[in-house]
Amino acid sequence: MGYDVNRFVKCNDINIDLICNICRGVLEEGVWVPDCEHSFCRECINNWLSRRNVCPNDRQYLSLTQLKTIPRFMRNILDKLEIKCDFIGNGCPQVVTLESLRQHVSVCDFNPEKRVECMSGCGLIIKKADLESHNCVKALRQRVNNLIEDNMKCERTVSEVRHDLTSLRNDNKRINNLLDCLQKDVNRLLVDKQSSVSTECEGTSVPQTSLSTTSLSTAVKYNERNTRLVPNPYVLITPLHLLKL
Ligand SMILES: [Zn+2]
Ligand SMILES: [Zn+2]
Ligand SMILES: [Zn+2]
Ligand SMILES: [Zn+2]
């Protein structure tokens, strides 16, 4: 929502390009459409585009993504415009530049939201608007009640954290026990495996020997037959030769 034109000192000199065509006020957080060079307050155009997708000035298609912040030269002109304080109705006579308006409003003595220190004894920081009806004892009692409530919340949180911690410790113990059991199982399996391997080695020595003997006797028989067919000592290889090699 733009600033009321009548709040500006030289309201008749304000450039028409700095006026929002939706609220007819001076641009607040101005944005513009580079294609058509129309500008609006950000809030005004956002509300407008939530209902229809055309530029309010020329009815051409327009979407949120086409909006850009107004150019620096427009921003500079706006910043230098002189405007009366928001609380002129409360009696503030101040006229400030638009760029310093927000800062002034936050500290303006006529701003009912301005926070001040109670000088009647309690020293609490309260809204200026509440100063008249302020009662130090009542305010301090309320403050103490709030602190007690905050303290109780903290104690509840601490007790929940303690409870979680105990659960975690118990879980940790269970996991460690489980790991111990697993380790024992693994050790037992390793011992079983070792003993079964050594038994297997003993058991296979017999077949290996018998296999060697069988191979030996087959080779002897083969050579005996070859000896009968081809009596050539140079082509005869006996297992004894192989053993010598
Ligand atoms: Zn506007
Ligand atoms: Zn336009
Ligand atoms: Zn003021
Ligand atoms: Zn007080």
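Predicted model: local features only at pLDDT ≥ 70, side-chain atom pairs only at ≥ 80, totals over all residues.
**Entry 1: the 20–59 span**

I started with residues 20–59, whose end C-alpha atoms sit 15 Å apart. I get 20% helix and 20% strand for that span.

**Entry 2: the whole chain**

I stepped back and counted elements: the chain has five helices and seven strands. Going along the sequence, I wrote the order down as β-β-α-β-α-β-β-α-β-β-α-α. How many of the 245 residues count as buried? I find 10% of them. I also looked at contacts with a separation of 6 or more, and 28% of these come from residues 24 or more positions apart.

I looked up an open sheet of three strands, in the order 2-1-3 with antiparallel pairing. Which strands are at the edges? Strand 2 and strand 3 (68–69) are, as each one pairs on one side only.

I then went through the bridges. Strand 1 and strand 2 run antiparallel and are joined by four bridges. Two bridges link strand 1 to strand 3, again with an antiparallel run. Val31 is handy to click on: Phe40 in strand 2 stands opposite Val31, and Thr69 is the bridge partner of Val31 in strand 3. I also noted that Val33 has His38 of strand 2 as its bridge partner.

Helix 1 came up next. I see it lying across strand 1 and strand 2, and its angle to strand 2 is about 100°.

I checked the backbone angles here. Most residues other than glycine have a negative phi.

Glu37 belongs to the loop between strand 1 and strand 2. These two strands make a hairpin with four residues between them, and Glu37 in the turn has a positive phi of about 60°. Is Glu37 buried or exposed? I count 10 other C-beta atoms within 10 Å of Glu37, so it is exposed; the cut-off for exposed is 12 or fewer.

Glu29 is in the segment before strand 1. Glu29 is not a glycine either, yet its phi is positive, about 50°. I find 14 C-beta neighbours inside 10 Å for Glu29, so I put it down as partly exposed.

**Entry 3: the core**

I went looking for the largest nonpolar core and found one of 17 residues. Leu27, Phe40 and Cys41 have the most contacts inside it. Which elements give two or more residues to this core? I listed strand 1 (30–33), strand 2 (38–41), helix 1 (42–49) and helix 3 (98–107). Why does the core lie between two domains? Domain 1 (1–80) and domain 2 (82–111) both contribute residues to the core, so it lies between them.

I clicked through the neighbours of Leu27, skipping residues up to four places away in sequence. Leu27 touches Gly2, Leu18, Cys20, Ser39, Cys41, Ile70 and Leu78. Cys41 turns up there and also with Leu27 among the residues with the most contacts inside the core.

Methods
Residues numbered from 1 in each chain as written. Chains lettered and ligands numbered in written order. Buried ≥ 20, exposed ≤ 12 C-beta atoms within 10 Å, placed from the backbone. Contact = placed C-beta atoms within 7 Å. Core = buried A, V, L, I, M, F, W, Y, C linked by C-beta atoms within 7 Å. Domains from an automatic or database assignment. Pairing = 2+ DSSP bridges. Axes fitted to C-alpha atoms, helices over the stretch in contact; angles between N-to-C directions.
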